[in-house]
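We will walk through the places where its chains meet.

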There are 6 protein chains.
Amino acid sequence: MTTEEKSFTHFNESGRAQMVDVSDKPVTSRKAVAEGRVYTSPETIERIESDGIEKGDVMGVAQIAGIMNAKRTSEIIPMCHPLNITGVDLDFEINNEENYIRIVAEVKISSQTGVEMEALTAVSTAALTIYDMCKAVDKAMEIGEIRLLKKSGGQSGNFRRGK
Amino acid sequence: MTTEEKSFTHFNESGRAQMVDVSDKPVTSRKAVAEGRVYTSPETIERIESDGIEKGDVMGVAQIAGIMNAKRTSEIIPMCHPLNITGVDLDFEINNEENYIRIVAEVKISSQTGVEMEALTAVSTAALTIYDMCKAVDKAMEIGEIRLLKKSGGQSGNFRRGK
Amino acid sequence: MTTEEKSFTHFNESGRAQMVDVSDKPVTSRKAVAEGRVYTSPETIERIESDGIEKGDVMGVAQIAGIMNAKRTSEIIPMCHPLNITGVDLDFEINNEENYIRIVAEVKISSQTGVEMEALTAVSTAALTIYDMCKAVDKAMEIGEIRLLKKSGGQSGNFRRGK
Amino acid sequence: MTTEEKSFTHFNESGRAQMVDVSDKPVTSRKAVAEGRVYTSPETIERIESDGIEKGDVMGVAQIAGIMNAKRTSEIIPMCHPLNITGVDLDFEINNEENYIRIVAEVKISSQTGVEMEALTAVSTAALTIYDMCKAVDKAMEIGEIRLLKKSGGQSGNFRRGK
Amino acid sequence: MTTEEKSFTHFNESGRAQMVDVSDKPVTSRKAVAEGRVYTSPETIERIESDGIEKGDVMGVAQIAGIMNAKRTSEIIPMCHPLNITGVDLDFEINNEENYIRIVAEVKISSQTGVEMEALTAVSTAALTIYDMCKAVDKAMEIGEIRLLKKSGGQSGNFRRGK
Amino acid sequence: MTTEEKSFTHFNESGRAQMVDVSDKPVTSRKAVAEGRVYTSPETIERIESDGIEKGDVMGVAQIAGIMNAKRTSEIIPMCHPLNITGVDLDFEINNEENYIRIVAEVKISSQTGVEMEALTAVSTAALTIYDMCKAVDKAMEIGEIRLLKKSGGQSGNFRRGK
């Protein structure tokens with residue numbers, strides 16, 4: 001099936017936004033992985049790294065933000081189903097050559113619908129938190145490359161991002 | 001003052017995260033503008049455009065998500081101050097050549113602290129909402145270039161992004 | 001069984017409010033439909049109709065409010081169980097003779113308890129949103145006839161409103 | 001100025017919903033009073049009355065719901081400004097002849113915008129709570145006559161509902 | 001297995017906080033009971049008792065707070081799983097000899113993880129609410145003895161507090 | 001004025017709970033400090049200490065929980081006014097002789113009402129978070145001695161806890 005043959009499922013017959021009815025879909029085990037990056041100045045990256053050792057931990061706060069917002073995705077994104085996710089974890093890698101922090105989030109559930117939005121929301125809000133923690137020294141940071149890496153479970157099939 | 005001379009203000013003496021004490025800062029009129037992009041396939045962009053005319057409106061839902069989350073930024077970002085913003089608006093532009101939707105958010109307040117995070121949160125959550133509304137037809141979309149464009153008001157001075 | 005023979009289940013032995021214990025009830029497929037009306041001046045109705053064509057869409061915003069608040073009913077109504085609803089949709093009809101907008105909301109779930117309150121909350125908050133969007137031109141609007149139309153699933157049996 | 005000459009302020013130039021910019025409005029002392037009714041069967045009214053004496057208190061729970069939701073109006077109604085209300089109280093009157101409970105809510109603040117929506121939200125959610133507390137004995141209840149009674153403060157002038 | 005042999009499960013391999021992955025745990029029927037106390041002056045206890053008869057009911061408000069916060073435990077405690085609890089009730093006992101109010105909360109669910117935190121959160125927030133309702137007459141109150149009494153269901157086995 | 005002469009301000013004339021009307025109180029600079037303790041086994045304390053050095057940081061998570069819940073106190077405690085606090089910080093001390101962690105929270109604002117509840121909520125939720133992070137190794141922990149230490153600003157005068 002090509003992209004054009006699929007349809008936007010988030011609009012009802014009147015053309016207004018709806019939360020898709022998943023009442024008749026089976027409960028299956030599902031997982032989604034998403035990633036994103038926060039680009040900073042070289043000085044900010046250095047400071048985040050040394051900070052992680054000496055004192056506080058910018059990524060520690062971002063980790064908690066990502067987890068808490070993954071849990072509340074259905075309040076943040078209007079048409080998302082309320083879901084009780086059973087697992088969420090984030091991972092951070094610092095790239096000193098291109099001066100960015102890569103964020104990866106993985107979310108799991110057994111449910112009638114998937115958790116892509118939960119993984120993307122975890123990444124986005126963790127990135128915003130890094131921005132917030134560092135903005136006193138660097139307002140020119142940029143958040144980018146937020147995208148879905150993998151998705152498994154559910155009738156629409158698996159997804160794996162190409163190169 | 002150079003970037004290195006500024007300090008991370010979001011950690012207390014024990015090295016733990018803190019909400020910065022702004023009790024003694026003056027109330028001033030503040031504004032922040034942020035932007036971001038959602039890159040899609042050419043087919044998805046076309047569909048969003050035609051959809052906006054015929055039936056529902058992807059950007060209409062994203063607009064509401066951006067506004068509602070700007071209001072709740074202090075619940076989403078752990079160290080943000082609770083603020084009663086007095087104005088928020090978003091603007092969307094479709095770029096048919098590079099296949100992206102550009103989102104711009106402007107937030108206003110009179111307060112002891114700025115609204116950069118509110119503007120960035122409005123943009124990020126509007127972008128996530130566009131992803132959610134279109135993901136049934138396109139899972140490979142990417143969110144990027146989320147950054148602060150302008151900031152005025154407050155003692156740390158104005159900020160305007162360079163080219 | 002007459003009405004008098006049933007008992008108020010929302011109070012415990014001490015006479016204080018409780019969230020009813022549904023731990024031993026079976027999970028069944030459930031649905032509820034509720035309705036309500038917003039009465040306006042003839043001019044406001046006209047404006048809402050033309051507005052829906054030319055520019056924004058009052059009911060589009062009300063639709064999103066109804067969906068988002070249906071999801072959060074257990075935070076709004078103190079004794080409601082937290083529930084992950086699987087479907088919610090709203091419908092709006094304009095009555096030009098009696099100058100009102102009729103709102104109908106349908107909510108679905110598989111659960112140990114029903115979704116009447118979710119449907120009624122969707123209708124009520126959609127009605128409040130219409131009031132909010134139009135209050136700059138008409139403060140005398142009135143919200144009424146909020147009631148349950150149908151309920152199916154669950155051991156208390158089905159309900160269908162009479163004439 | 002007639003109703004027709006006023007404009008819908010909740011849409012921006014693109015025709016999308018916006019939170020009205022009140023940044024330049026003066027802070028003034030404001031108050032709003034709203035009312036509504038819950039119609040029940042005669043048996044339900046009797047039971048609510050005796051219940052209020054012997055054991056729990058349906059209206060006591062509704063009172064708390066009304067107060068808590070007045071505080072969170074800006075999360076419930078998409079375009080409402082976040083506001084720190086300084087006072088809110090509700091009053092309940094039982095009408096035994098027509099079998100309804102009348103709810104009146106009064107909300108106060110010093111702010112750049114009014115609290116009509118806070119008063120209407122307090123009434124609506126208190127009414128929904130009464131429905132929830134009594135629905136085990138009476139599913140045919142109806143909520144109606146939700147409307148603004150008075151509004152003072154602010155540049156749009158005072159409002160007082162006519163007969 | 002001794003205490004030392006168990007491990008902190010709330011940290012991932014990088015040493016950052018995580019929401020424990022319970023995706024592969026079986027759904028079982030679970031229950032938790034927790035308790036706590038609010039110590040007041042003798043005059044405050046007297047007033048709370050007489051107040052409960054004549055007018056309002058401090059414990060009635062605390063009961064509702066405990067129930068509402070038990071439902072939202074996963075928003076209050078960062079690493080708690082979102083859960084749809086199926087039952088929650090609180091009980092209050094006044095001890096006139098030692099001048100305290102004892103609060104007991106019981107929470108039930110069928111789930112992959114337990115509800116200890118829900119029961120403890122119900123007790124803590126009910127205690128805070130009692131403090132809030134009485135602080136105009138007694139600021140020296142103290143909250144204490146908040147602890148888990150019983151826990152059943154789940155693979156870590158039952159727990160019952162010793163003397 | 002003695003304790004007995006003061007009155008419970010959180011009930012209206014009907015005896016129902018109310019949010020006290022502070023509309024006519026002056027805005028003053030206010031501060032509140034509260035404390036509490038989490039008693040654990042000696043092994044748990046040791047583990048928390050070593051953990052704080054090697055890997056994650058139990059108190060780091062508790063700090064964030066305390067800050068986030070201080071900001072949302074008016075959602076957690078039914079009669080609390082919504083407030084935009086301008087500063088909040090927590091401090092943790094480990095007592096190895098009596099095996100407890102002492103938590104101290106300080107909250108600041110300029111407002112018409114005080115922030116005692118915000119400080120007590122920060123302490124209580126930080127304590128619950130420590131319990132949650134450690135409960136896999138120690139379910140018998142106890143939370144206690146939660147109390148107000150100091151309060152300044154506002155017309156009811158300053159408060160300082162005696163020995």
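What follows is a guided tour of two interfaces, one after the other. Keep in mind that this is a predicted model.

Let us begin with chain A and chain B. Each of them brings 58 residues to the contact. Together, chain A and chain B bury about 5200 Å² between them, and 63% of that area lies on carbon and sulfur atoms.

What holds charges and polar atoms together across this boundary? There are 6 salt bridges across the interface of chain A and chain B. You can find one for yourself: Arg161(A) forms a salt bridge with Glu142(B), with 3.6 Å between the closest N and O atoms. The interface of chain A and chain B also has 12 residue pairs in polar contact.

Which parts of chain A face its partner? The largest share, 12 residues, comes from α4(A). If you sort this side of chain A by class, you get 26 nonpolar, 13 polar and 19 charged residues.

Now zoom in on the strands. β4(A) pairs with strand β4 (residues 142-152) of chain B in the antiparallel sense, over 2 bridges. Within this region, look for Ile143(A), which stands opposite Ile146(B) in β4(B).

Next, move on to chain B and chain C. Here, 4 residues of chain B are in contact with 4 residues of chain C. The area buried between chain B and chain C is about 290 Å², and carbon and sulfur atoms give 88% of it. Which residues of chain B lose the most area to chain C? They are Val61(B), Ile64(B) and Met68(B), which together make up 88% of what that side buries. By class, the side of chain B that touches chain C has 3 nonpolar residues, no polar ones and 1 charged. Across the interface of chain B and chain C there are 0 salt bridges, and 0 residue pairs are in polar contact.

Technical notes:
Residues are numbered from 1 along each chain as its sequence is written. Chains are lettered from A and ligands numbered from 1 in the order in which they are written. This is a predicted model: local features need pLDDT of at least 70, side-chain atom pairs count only at pLDDT 80 or more; totals for chains, interfaces and linings use all residues. Side-chain values use heavy atoms; hydrogens and water are left out. Contact means heavy atoms within 4.5 Å. Buried area is the accessible area (1.4 Å probe) that two parts lose on being put together, summed over both. A salt bridge is a side-chain nitrogen of Lys or Arg within 4 Å of a carboxyl oxygen of Asp or Glu. A polar contact is a pair of N or O atoms within 3.5 Å; within protein, one must be able to donate a hydrogen and the other to accept it, and residues adjacent in sequence count only if both atoms are side-chain atoms. Helices (H or I, at least four residues) and strands (E, at least two) are DSSP runs, numbered from the N terminus. Ala, Val, Leu, Ile, Met, Phe, Trp, Tyr, Cys and Pro count as nonpolar, Asp, Glu, Lys and Arg as charged, and the others, Gly among them, as polar. Two strands pair if DSSP finds at least two bridges between them.
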